[in-house]
Amino acid sequence: MRKFYLFLAALFAITLSANAGIKVLYNQDFETATDVASTGWASPSAAAGLSIGSDEYGKYIHFNQGGNDRSAHLLWGADLIKSAGVTAYTVSFDISATRWGNNHVSTEYTLMSDEETCTKKANGNFRANSKNWLFDLSQLPEANGGKAAAASGDQVFAINGDTATTVTLSSGVFYTVKLDVDTVARTVDYLIVTSTGNKISQGAYTVPAGVDMAATGIYFLGARYWHDQIFDNIQVSAESDVDVANNPSVTLVGINNQQRVYKIGFLEGETLHLSYNGTELDPVSFGDYSGSYVWSNNPNYKENNEDLVNDACTSGTLVAWTTSGKATSEKISTEISNEIVALPGATTSIVNVEDGYAKTYKVTADNSSTPLAPQIFIDYVFTPKAGGETLKGADLGTGSSISVPSEGTLELVTKAFGYGETKTTIVNDVQYKQSSDYDFAHYTESDITKLGFAADGNVTGNYSTYGRLYGNQEGTETKDEGGNVTYTKIVYSEIPQYTKLSSAWTDSVLVAPLAFTATPAVNVHLWPGVGLNVEGRKGDAMDGSWITNVYLKINGLTDDDIVLVSSYSNYGSTALHPVVADLASYLAAHNAPVTAVLKGTEEISLYRISDTIDRIQVMSPVKDAAGVQGVSVKAEANAEAPIYTISGVKVNKSNLKAGIYIQNGKKFVVK
């Protein structure tokens, strides 16, 4: 990524006349953003897809949403331009698509000049719904292979609706879009460059009469499915005939033990001034550092150092301001900490349970509240209570799984280069046993008919024709030159079907105490060797309205019970493929992976048509006279640890104003 103070300043300089200054009217680089609402971004129908992301270069707004085309927008309002009384202004912003949609070719970026279309006609092409736009990039279906776009790679965009004027954007690349708007000449000069300064498109667009020339914000339309989009460094500025000194940007960019590194950005024509703990430092000219000055609390700071810092780094107050001619900006104060930043403790969730004490834990460490969001690694040690071999692992990524075979203690340590480690202790002292097993794939014909299901021929459609349910034939193993092993497949394609029509359901009970949460309005199937499946349309004839999911629940369970759900998705694409002697051996095996681990009180979801539930197991804790003891977790947190703002600035813990803060790597709110 970027954070290009240097490059943006160079872009602004393109249109500067002699002795002119630049007045920044709006700036959003997300460095001080506490939540999405504080950034001004919104999405009418996919708000959950918006988040604040970060990497080693800083924060950004992230829009990642599955399903149909969905839009998001930023509004700064027409009054920003009109109240400034300017006839020309510049809008610039960074964009990057980690992933395009992979089914529709409808991605769009628009500079809007109205404030209603983005909400009243969301999720559609802005240019098709409003005349009030000043710049537009829209994917070209005919240039991108028709309907389906590639999830990654290059995509062709029409510039301002002109299919003859295009630009090719690549996934994973950051681009800066710079737009110079002349409200009198009614023109928009555009420039698109990569983060390395490579120009990929430049031109001018004449805005039709009747279109409002005051930009109100940015509109983005993400294409179906699973687009992944980033915006950063959004700025609106205008030239000024008088001296202007804009506030400098002070951004934390490095943490290494007690060392802090800040990048301080300022614009051409300005001089940067700094003082630290009351001592004023030498002024910094734009020409010497191209508007991007690096400062550290380490007197021995070395820019390219890759080792842990053990120097005596100081704490205190850094004050930054700019001057330009007779103008002086506000003084920006930043509290500098030299405390080692503690990482958040690891958290665990159980993703599998066996009879006895054996469990599989998923371990995660959330870096979102840690300054600069470092990549966190996890070490572990499991010590059996009864003695025996100690299990160890190092440098696990977040989301990894750890299996423990017995009663004992699991110690987890989170670590990241230049940060303080945190230890979390899990006492694995709860014994489980299987209390129920709804093994639909292995129900006999007698079991099935007792539930009210009747023989209904064989399964037709994708489950039987895709050939995804198969075992590997024993004795047919072959290896290619690369060592890859292949077998002859034993495919399960003639699948018997048993059906209970929607009209036959008088209550929600499937097999007591397992029940649907509502009486099924669709036909329900049981397929030997596969499991439970539901139709997608209501009614016996499947001619009613569509459903999405049905839900099941096991009555009488508590949160102490654990429910393991084994299932297939996407017509068997997730099936396991054991090595077996014959079809009977394949059908006798459990070939669906565990796909959900739920509390006993949670609902079990079954998606229509393409998914099946193979098996539902209930694991219950073994109770004794002392009652049930839950797994205990101890994170070694320090109540005296320093407190930071959401942007990583250390604050006085005895005088906290209302806001969101971080201590021991965790957020807390002061109201």
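Student: Which strands each supply at least two residues of the lining of the largest cavity?

Tutor: Strand 6 (88-99) and strand 10 (162-170) do; strands are DSSP runs of E, at least two residues long, numbered from the N terminus. Bear in mind that this is a predicted model, where local features need pLDDT of at least 70 and side-chain atom pairs pLDDT 80 or more, while totals for chains, interfaces and linings use all residues. Residues are numbered from 1 along each chain as its sequence is written, and side-chain values use heavy atoms, without hydrogens and water.

Student: How do I read a cavity, and how many of 30 Å³ or more are there?

Tutor: Rolling a probe the size of a water molecule over the atoms shows where empty space is left. A cavity is a set of points on a 1 Å grid over the protein atoms alone where a 1.4 Å probe fits but cannot get out, and lining residues have an atom within 4 Å of a point. Here the count is one cavity of 30 Å³ or more. The largest cavity holds about 30 Å³ of space, a volume being the space filled by probe spheres set on the points, which are joined across faces, edges and corners.

Student: What lines the largest cavity?

Tutor: Among the lining residues are Ile-95, Trp-100, Tyr-109 and Leu-169. Strand 6 gives the most, three residues.

Student: Where does Thr-110 lie, and is Thr-110 buried or exposed?

Tutor: You'll find Thr-110 in strand 7 (residues 108-112). Buried means under 20% relative accessible area, exposed over 50%, and partly exposed in between, with a 1.4 Å probe and protein chains only. Thr-110 has 2%, so Thr-110 is buried.

Student: Which residues is Thr-110 in contact with, leaving aside its neighbours within four places in sequence?

Tutor: Contact means heavy atoms within 4.5 Å. Thr-110's partners on that basis include Phe-126, Trp-133, Asp-136 and Tyr-219.

Student: And how many aromatic pairs are there?

Tutor: Rings of Phe, Tyr and Trp (its six-membered ring) pair if their centres lie within 6.5 Å; planes under 30 degrees apart are stacked, over 60 edge-to-face, the rest tilted. The count comes to 21 aromatic pairs. Take Tyr-289 and Tyr-293: their ring centres are 4.8 Å apart and their planes are at 85°, so the pair is edge-to-face. Tyr-289 is partly exposed at 40% relative accessible area, while Tyr-293, at 16%, counts as buried. Phe-440 and Tyr-443 also pair edge-to-face, 5.4 Å centre to centre with 65° between the planes.

Student: Which residues do ring pairs link into a cluster?

Tutor: Trp-41, Phe-63, Trp-100, Tyr-109, Phe-157, Phe-220 and Phe-231.

How values were computed:
On a 1 Å grid over the protein atoms alone, a cavity is a set of points where a 1.4 Å probe fits but cannot get out, and a pocket is an open set with protein on both sides within 12 Å along at least five of seven lines; lining residues have an atom within 4 Å of a point. Helices (H or I, at least four residues) and strands (E, at least two) are DSSP runs, numbered from the N terminus.
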